[in-house]
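Visitor: Could you walk me through this structure, one question at a time?
Guide: Gladly, let us look at it together.

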Amino acid sequence: MMDLAALKIDIDGVAIEENPQLVQQKSRDFYWYSPVLKRRLEGVTAAIVARPKDEEELLLVIGACFRNDVPLTVRGSGTGNYGQAMPLAGGLVLDLSGMNRVKAVKAGTVVAEPGAILAEIDAAVRPSGQELRMFPSTYHTASIGGFIGGGSGGVGSIRWGGLRDAGNVVRVRMAAMDGSIPTVLDLTGPDIHRVSHAYGTTGVITEVEMPLAPAVDWVDAIVSFPTLEAAVRHGETLAGADGLLLKNVAVMDAAIAPFLKRHESYLAEGEAFVVLIAAAFAMTDVVALATRAGGRIMMRSDRLDEAERHRLPPAFELAWNHTTLRALRVDPSITYLQVLYPQPDIAGKVLTMAQLLGDEAPTHLEFVRFDGAVGCFGLPLVRYTSEERLDAIVKLHEDHGCPIFNPHRYTLEEGGMKQTDALQLAFKKRSDPKGLLNPGKMIAWDQPDFDYGRPYLFPSLSA
Ligand code: FAD
């Protein structure tokens, strides 16, 4: 039985918050992105928030939760958008925003506390002539621990692949929920998967070491195309151009232009477009390739005056989930999906889905490096009408060979390939024997024989 009174005595000295409104704020993430999750998770809240300032306090809190049977859900910055950081079983939210120091900048890597914000890590490593390999488009707000715990990749993935790819995280230090004095482990190599993208269900990351790349002077650019097909094919060409140093390539349907308000003057009405980030020294080749493909350069940040450069958000804040965010601000009925368009014939699959769904789901693509080849993820906007129709759109993609990573589900399995990660499940049995870490997010732990034909509903939510 959860004993909160005893917990509070045990963690005396650690900063806590019990004001119900503030606790509820810290119990929420960007779950409202999904109309489905918005309805289902609206009432979720913890009983208490603890904000440790260092590893010693963090271990004290974990140990006390173990002793007093209090569920614990880790929170970095709460920018995850599938309710990953929401405490379905109540209990304690472990707010890591106070553990935000960059501890060491080395030749090739950086060591940081889990709550360190990605942009701040980059600022700290920049004087050494280095930068992070990749980051989510929530660069300015998201934490490194949350990125590893809940993210998948993003800006930089066109060159470096995803976070899960070998080498993209060097070392993770984590605490288990296995006793009054928690076990602390340093994980390297394939062992990192035990805790990466596990939504904090298998351990709490207390320190990370990330690989760095040489810092580059990046240019944002927008290229316009008369047809969606031309834009998609150009995106694929860029992604496959081995010699071009690129940081991001996003392709968008003409219907998305009205949502990118501050870039309005750089978007041609009725034209699809490519938003890209390229090394300054690669721009001559970028322009040549665009022109050859029939595109028009509408904007390049190195040709803007100072005032205009400051007025515009960075290109990466038009891409990934920021596209959805900008659309939602204009039209709150919009939501989105996450699609994989597998090889071969990426363009053919994209265009088939675009034709089948038309204006109901405007195309948005992000090209990445995927298992050493060109890969393509879609984050199509969806003009939401009902949960049934959304499920039908999911099925339509799957029926056409395009798997969906469903952003309208809060569990690891349903958001992925409807399969439990056997490594994570086996590890959880040792690292969290009482099942106190972020309950409800790993179906295999709660209900091993779950039938994936319907959405999973954690018991506390059925009320
Ligand atoms: P949180 O939301 O606080 O946590 C995410 C998950 O990790 C939760 O399950 C939490 O319990 C767990 N967690 C947090 N800290 C730890 C820790 N120390 N140890 C163990 N588990 C932990 N994601 C991408 O991958 N790429 C993108 O490009 C991207 N773009 C986005 C754009 C927008 C506008 C929004 C709203 C979201 C986007 N996301 C993206 C999702 C999210 O912003 C990122 O994954 C981000 O890195 C999460 O960091 P956070 O600190 O906010 O984590």
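**Around the ligand**

Guide: To begin, an oxygen atom of the ligand lies 2.8 Å from a polar backbone atom of S77. A polar contact is a pair of N or O atoms within 3.5 Å; within protein, one must be able to donate a hydrogen and the other to accept it, and residues adjacent in sequence count only if both atoms are side-chain atoms. Please keep in mind that this is a predicted model, where local features need pLDDT of at least 70 and side-chain atom pairs pLDDT 80 or more, while totals for chains, interfaces and linings use all residues. Residues are numbered from 1 along each chain as its sequence is written, and side-chain values use heavy atoms, with hydrogens and water left out.

Visitor: Which domains give residues to the shell around the ligand?
Guide: Domain bounds come from an automatic or database domain assignment. The ligand lies between two domains, because both give residues to its shell: domain 1 (1–215 + 411–458) and domain 2 (218–399).

**A strand and an aspartate**

Visitor: Is strand 13 largely enclosed or exposed?
Guide: Strands (E, at least two residues) are DSSP runs, numbered from the N terminus, as are helices (H or I, at least four). Buried means under 20% relative accessible area, exposed over 50%, and partly exposed in between (1.4 Å probe, protein chains only). Eight of the eight residues of strand 13 (272–279) are buried, so the strand is largely enclosed.

Visitor: Which strand pairs with strand 13 over eight bridges?
Guide: Two strands pair if DSSP finds at least two bridges between them. Strand 12 (246–252) pairs with strand 13 in the antiparallel sense over six bridges. The antiparallel partner with eight bridges is strand 11 (218–225).

Visitor: Which side chain is joined to that of D95 by a polar contact of 2.8 Å?
Guide: D95 lies in strand 4 and is buried, with a relative accessible area of 2%. Its side chain makes a polar contact of 3.4 Å with the side chain of K26. The contact of 2.8 Å is with the side chain of S97.
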